[in-house]
Amino acid sequence: MRNVVILGGGYGGVNIVQNLIEEDLPEDVHITVIDRNPYHSIKTEFYTIAAGTSADKNVRMEFPEHDKVNYIYAEITKIDTENKQILFQDRSEPAAYDYLVIGLGCEDNYHGVEGAADYTESIQTFHRARHTGMAIGNLNAYGKATIVGAGLSGIEVAAEIRESRPDLNIRLLDRGKSVLKAFDRKIQNYVEDWFMKNDVEVLHEANVEYVEKDGVCNNGVCYVNDVTIWTAGVRPNYLVRELPYKKDEQDKIVINNFYQVPEEPHVYVVGDCAASEHSPSAQLARQQGEQIAEVLYAVLKGEKPKEPGKLKLKGTLGSLGSSEGFGEMMSQSVVGYIPRLAKSGVLWLNKRH
């Protein structure tokens, strides 16, 4: 048997599985998907779990079933590239592979800020998003919550918490001169105005020096705080950073045009772990997953794969609570109800697919 092992059941990993099982796979091919959770997590909606506006079941989906696919639900401790096997925390038997797909996603990047890893909440995993939701939900009236980072994740978390808990004092620390530096001025102004109208304090040109259990120190001023949520950057999973492959400046694995590791072409990389000209997103991982499935299918059939075409991303959507949003659609910046409705539609289509 030829074993195809896929690490991570995220957007990229699931799309690879879904596309492969729709093909006529050779009889000697078997697929193993390894994930810590027994379901696919819709990570783009983790901010709703953190704010307490959505139930767990609304942001998870069952993995696809097929007689050529099995699943291992376990915590990985090492990717042993020398012996071509995956080692686990509470499972003595390793998983051997002939072809490997690495799609383990990302984790918070604390940029060396003292106390950040110990005293901040997160939305990077389902487990941590749940923990964040408990922390926010258990706050007493008029409690203080600080979100560090004003990119897409930080904006959605702050806005959703405001809708969930109107009583809380919410502060957003933005390192730049305006929120959402990756978006144009129209969107930045709209979001800034939304926060002003909804009584969310935004501090620009922030420089978080350290975090304590009950406070955040920024630019020499320490704010008393009940909950601090970190959304100030990500980096590839630590297992990926430990691999002996060439990385870019963001510690992502450098790949060729077929998503293969040049040193070991039987290893493929998808999503947040792969070096790319595009910013990490669910949309990017899905499209990469489709292309990897085409390449891998050809390889498994003993054929020369066609070089994947250029990715065509459709834009980015963000929410400001349940009724307003922002984003880039058809190369146009849009704000208000339409982008929020579009974001809900994308979620619905993803679940249906």
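## Terms and model

A residue is called buried when its relative accessible area is under 20%, exposed when this area is over 50%, and partly exposed in between, using a 1.4 Å probe and protein chains only. The model is predicted, so that local features need pLDDT of at least 70 and side-chain atom pairs count only at pLDDT 80 or more, while totals for chains, interfaces and linings use all residues. Residues are numbered from 1 along each chain as its sequence is written, and side-chain values use heavy atoms, with hydrogens and water left out.

A search of the whole structure finds eleven salt bridges, each being a side-chain nitrogen of Lys or Arg within 4 Å of a carboxyl oxygen of Asp or Glu. One of them joins the side chains of Lys343 and Glu45, with 3.6 Å from N to O. This pair links distant parts of the chain, 298 residues apart, with Lys343 in helix H9 (residues 337-352) and Glu45 in the loop between strand E3 (40-41) and helix H2 (46-51). Helices (H or I, at least four residues) and strands (E, at least two) are DSSP runs, numbered from the N terminus.

Lys343 is buried, with a relative accessible area of 9%, and Glu45 is buried as well, at 8%.

## Two further salt bridges

The side chains of Glu107 and Arg241 also meet in a salt bridge, at 2.9 Å from N to O. Glu107 lies in strand E10 (residues 106-108) and Arg241 in helix H7 (residues 238-241), so this pair ties together parts that are 134 residues apart in sequence. Glu107 is partly exposed, with a relative accessible area of 21%, and Arg241 is partly exposed at 24%.

Another salt bridge, of 3.2 Å from N to O, brings together the side chains of Glu201 and Arg171. Because Glu201 belongs to strand E13 (residues 200-203) and Arg171 to strand E12 (residues 169-173), the pair ties together parts 30 residues apart in sequence. Glu201 counts as partly exposed at 36% relative accessibility, whereas Arg171 counts as buried at 15%.

## A sheet of three strands

An open sheet has the strand order E21-E22-E23, with antiparallel pairing, where two strands pair if DSSP finds at least two bridges between them. Strand E21 (317-320) and strand E23 (332-336) are the edge strands, each pairing on one side only. Five bridges join strand E22 (residues 324-329) to E23, and Gly327 stands opposite Val334 in E23.
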